[in-house]
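I opened the model to go through a few local features. My notes follow, in the order I looked things up.

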Amino acid sequence: KAKELLEMNDGIFRSLSPAPLSGRLRLGIPSEFASTLLPGLIGEFSKRYPDVSLEVTSALSRDLLHRTKRDSFDLILALANPDEETQGELVLQDDIVWVGDSGLAVHGDAISLVLAPDGCVYRSRVIAQLKQQTRAWKIAYTNADLAGLTAAIQQGLGITALARASMPANLTVLKHRFLPDLGKVNICLFNQDSQHPVVSKTLAEFIKTRLTSAA
């Protein structure tokens, strides 16, 4: 029954969509969400819109939203601090959590960190919070890509911070008395596509559904 309803819904949606839909949809997305969200999304999207090419760029939220670059995208998923104004649609307010390898204990005199470069929301939050406490810390490794950070974590170089909804399955949330609370982050969508508004809206809905179900 559920399958029939879904098929009926898809049929109604297709009947409302301008056809045929073709061209490209340019998506900007932080690398951690590209790694966790996109594998499941790409198949669904291509089945619904086989003639639309999805062009994905991964970068820091700050870079995706920069005034010289944001017009290069039709749809942008980006992070924002809860206290800053944004033109984007708030999809989820998520916890920023400490993340590491479950097989490697956090120990030693200094907290060893693997972080994205300057401009990363997580990096800024981690450094701001650690500066307010007395335990020593150091940045052992910097990489803009989640795969690079994950590899460094699994090699024992340190720990990082991510939005809970973006955490890969092979890492775990860490809780220790010397790891300060990192607060919340807003996950927002910026839909600025005038070429294929129906397609952009559909991809935005896919992303919103997956993000809220993962939270």
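**Helix α5 and its surroundings**

I started with the packing of α5. Its buried residues pack against α2 (31–48), β4 (89–100), β5 (110–115), β6 (136–142) and β7 (160–163). I kept in mind that this is a predicted model.

Next I listed the buried positions. Helix α5 covers residues 146–154, and I found Leu-146, Gly-148, Leu-149, Thr-150, Ala-152 and Ile-153 buried there. I recalled that an α-helix has 3.6 residues a turn, so residues three or four places apart point the same way.

Then I checked the ends of α5. Asp-145 caps the N-terminal end, with a side-chain oxygen 3.0 Å from the backbone nitrogen of Ala-147. After the helix comes Gly-156, and I read a positive phi there, near 85°.

**Asp-94**

I moved on to β4, the strand that holds Asp-94. Which side chain of opposite charge is nearest to Asp-94? I found Arg-164, 4.9 Å away. Asp-94 is buried yet has no salt bridge. A salt bridge would need a side-chain nitrogen within 4 Å of a carboxyl oxygen.

**Strands β1 and β2**

Last, I looked at β1 (residues 23–29) and β2 (residues 52–58). They run parallel and are joined by seven bridges. I traced Gly-28 to its bridge partner in β2, Thr-57. With α2, these two strands make a right-handed β-α-β unit.

Note on methods. Residues are numbered from 1 along each chain as its sequence is written. This is a predicted model: local features need pLDDT of at least 70, side-chain atom pairs count only at pLDDT 80 or more; totals for chains, interfaces and linings use all residues. Side-chain values use heavy atoms; hydrogens and water are left out. Buried means under 20% relative accessible area, exposed over 50%, partly exposed in between (1.4 Å probe, protein chains only). Helices (H or I, at least four residues) and strands (E, at least two) are DSSP runs, numbered from the N terminus. Contact means heavy atoms within 4.5 Å. A polar contact is a pair of N or O atoms within 3.5 Å; within protein, one must be able to donate a hydrogen and the other to accept it, and residues adjacent in sequence count only if both atoms are side-chain atoms. Lys and Arg count as positive and Asp and Glu as negative; His and the chain ends are not counted. Two strands pair if DSSP finds at least two bridges between them. A crossover is right-handed if, with the strands pointing away from the viewer, the path from the first strand over the helix to the second runs clockwise.
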